[in-house]
Amino acid sequence: MKRFYLFLIATVISFGAQAGEWVRVNQLGYLPNDIKVAVYLNSEAVASANAQENLFQLVDAVTGKVVFSAPVEYAKNPGKWALKTGARLNFSEYNIPGGYYVQFRDAKSPVFRIGTDVYDGLSDFLLTYMRQQRCGYNPYNDAECHTHDGYIVDHPSRSGEHIDVTGGWHDAADYLQYQTTSATACYHMLFAYMQQKDKSVFKDEYDARGKKGSNGIPDILDEARWGLDWLVKMNPEYGVMFAQIADDRDHAGFRFPQDDEVDYGWGPGQGRPVYFVTGKPQGLGKYINRTTGVASVAGKFSSTFALGAAAFKDIDPKFAAMLTTKAQEAYDFALTKPGNTQTACLVSPYFYEEDTYTDDVELAAATFYNYTLGDGKQIIKSTTNNAKWLKEADYWGELEPVSPWMELGRGRHYQFYPFINLGHYYLANSSDAKVAAKYQEFMRMGLEDLLNRGEGDPFLNGIPYIWCSNNLTSAAITHARLYAQSTGSKEFLEMEAALRDWLLGCNPWGTTMISGYPFGGSDVPVEPHSSYTANLGVIPYGGLLDGPVYRTVFEERAGNSLRNPDAFKELNQGIAVYHDDLGDYASNEPTMDGTAGLTYYFATKENQGLEQAAILKQASVVKDAYGAVIRIAPETRNIYLVFTADVNFNGGEAIVKELKKNKVKGSFFFTGNGLRAEANKEIIRKIIEEGHYVGGHSDSHMLIANWGNRDSLIVTYEQITEDLKKNAEALAEYGISPEDSRWFLPPYEYYNKESVFLTNSMGYRMVNYTPGIATPADYTTPDMPNYKDSQTLINALYNFEKVEGLNGAIVLIHPGIDESRTDRLYNRLGEIIKYFKSRGYKFASLKDVK
């Protein structure tokens, strides 16, 4: 699939009319009420004194009609990217759901969608990468790895002793494990869950081991629990903490985790070193880090255990009580030796150079304050404890008002970590008005620093392009969202949107920064620096990439790493570079903590979408794994009868007659072939006159993927979009506009994630029958081995309803049946309608669904 995906992107998707001119957008799309800004780039100076020549257009992707136009806003500093023109194309005031592209001069953007569900499922999708990174039992490989971990090093009396520290996550493409990134990742996922009022955005589709199948616990909490269990092993008792498993001897080439045979002194693959937290400089060879204390590690243990206790107090009270005790103990230990613990190296002088710790202690105290740490056994409410923890958090918080990387615009590798200070957010929402105002101002100061540095950049990007710059971007948009939520201020909303969109395609390279996402996107990372890509040719889906790095840094540290010619050469002449190249470990390697850091933000965006859908009075829906709608308003007793037809429509008259007789409105989906067929025109006009929904079923009844190989397209993106346009033209001959036919049922009822995304990006909403209803098999003929007679199908439908219910179900009956089948299900439509009416159901049409 990967190689075909690359072919599609390279040969089909070309949105700039000529080299050196581009329009960049958020490929995922925009919520209706979002700030929506595209960015125009040109290698030549094109600003014009003619006002008309400075207008950009927002164009309907299906009809080609201009729906909005406004002047571009030229940026002052496109030279940052070695370009002569950069402009912001703001279409925020246009908020009508649909599919569009932006055009300025001769450049067009990819098609994108304005819709309330553009972020649906993204937060959970990021967990795909987290599960792939699991150590111990790895569900992606269905194999165990590093089961001999590990052997204590750097302990005054226990060095060489074996201790069970299996579990947790591998850090990135390598298999090192760090407490600092793992605890931070765990906290981010717990924070994402706890901060959402509507927790329905978190699904339960995987069990605790990361295998497909629900277990009654949201997947994000399963993933956090995986991390918490490992952290408990890394802090087995008071004062005994471990910060790292393995070291840079791990950098031994691409291999699968279960095949890791690196020898650390106990035999190939027989165990790895586990670094004891000493609070002193560490290193087993000539390279020694600059550790000064234990508080950065202990603070992260404490805050993560405390938030874990709050999250699991009802799910697993015994576990939560244990975490509460450990949280208090870790906090106490942090105060015994304030200072930072850095990671250790042996082969080379590169390590995580964390220099800060006050933010870690603040976050622990602020978490206790926000969730009220009780008597060491459970999370309870206590005014005394509230006052204590507020005072503690405020003390540590004042020592670092602004995250240093935000203030300074620089930093060594992980020098100022975590990249976001969530303790400030808790204090910014304190019931103490003075404390709240103080920390709201601290948060504002950091955002102002970013905004000032991004001034003049067409992307408003003030992020320093150090290693893992995307992690900083993730932190910045989370910080901005939390600030807006805490204060109601709109001061930084455009910058927040710009930095969010940067991760989703509105950047100089026009690519998203999440590996393999979105399916069907115009340019997504498909060659990340990963063993899975190197050895299997597959994409490690859902991983946030390191992101652009200063060109000078890349040339110094990874300049000879590329395996292919630079596809972005023209755009890599500016301040920072990015390569979708397997060899580039500087900008193109997914990281575990960066990925987890986005879960809060995108869960919040999904909830914003739900809120906007409610305002627009859009029906709630259930989608399948590919993104197609399979139930509508499942809280109602409505059934949606749908009928799909190509040229053969021999049941049309009978169906329309039965629907009229029973006073039911149906939904019909036609191919362009069927719409153009002379034999069908009269009955189609009658269907329209009688008020039924009429929508598209493709133009040529095109098969998009081979049977049995659903995930690989056999058509190009361009063929899919052109087919949709032709189908719309055929519908227009009957007076049906794209606005009136947004629901689309795919040919053969067969599709994949890419075709759903492409169809939806054109402004449609793909719908399909509810799985399990059986009726779609009514096309089978007696000579087929899978033949089902009508009574069998009706019995199966009735039995399905008794078990699963048909609330909001979409029931498909084919109106065009081969002549060899005389037992036609559509002839029994009347009795089906009467049966379900007797069971309290109503029948609705998609014409009435927004």
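Ala, Val, Leu, Ile, Met, Phe, Trp, Tyr, Cys and Pro count as nonpolar, Asp, Glu, Lys and Arg as charged, and the others, Gly among them, as polar. The structure is a predicted model, in which local features need pLDDT of at least 70 and side-chain atom pairs count only at pLDDT 80 or more, while totals for chains, interfaces and linings use all residues. Residues are numbered from 1 along each chain as its sequence is written, and side-chain values use heavy atoms, with hydrogens and water left out.

**Cavities**

- A cavity is a set of points, on a 1 Å grid over the protein atoms alone, where a 1.4 Å probe fits but cannot get out; lining residues have an atom within 4 Å of a point.
- Grid points are joined across faces, edges and corners, and a volume is the space filled by probe spheres set on the points.
- Nine cavities of 30 Å³ or more are counted by this rule.
- The largest cavity holds about 140 Å³ of space.
- Its lining consists of 15 residues, and T184, D360, L363, P418 and I420 lie nearest the centre.
- By class, this lining has six nonpolar, six polar and three charged residues.
- Helices are DSSP runs (H or I, at least four residues), as are strands (E, at least two), and both are numbered from the N terminus.
- Helices α4 (179-195), α6 (295-312), α8 (358-371) and α11 (422-428) each supply at least two residues of the lining of the largest cavity, and α4 gives the largest share, four residues.

**Second largest pocket**

- A pocket is an open set of points with protein on both sides within 12 Å along at least five of seven lines.
- The second largest pocket contains about 1100 Å³ of space.
- It is lined by 40 residues, the closest to its centre being H251, W467, R557, Y585 and E589.
- Helix α16 (residues 551-558) contributes the most to this lining, with three residues.
- The lining comprises 19 nonpolar, nine polar and 12 charged residues.

**Helix α5**

- Helix α5 (residues 219-234) has 16 residues and reaches 23 Å from its first C-alpha to its last, close to the expected 22 Å; the expected span is 1.5 Å times one less than the number of residues.
- Because 13 of its 16 residues are buried, α5 is largely enclosed by the rest of the structure; buried means under 20% relative accessible area (1.4 Å probe, protein chains only).

**Sheet**

- Four strands form an open sheet in the order β1-β2-β6-β5, with antiparallel pairing; two strands pair if DSSP finds at least two bridges between them.
- The edge strands, β1 (21-24) and β5 (73-74), each pair on one side only.
- Strand β5 is joined to β6 (residues 85-90) by two bridges, and A87 in β6 is the bridge partner of Y74.

How values were computed:
Buried < 20%, exposed > 50% of the residue type's maximum accessible area, 1.4 Å probe, protein only.
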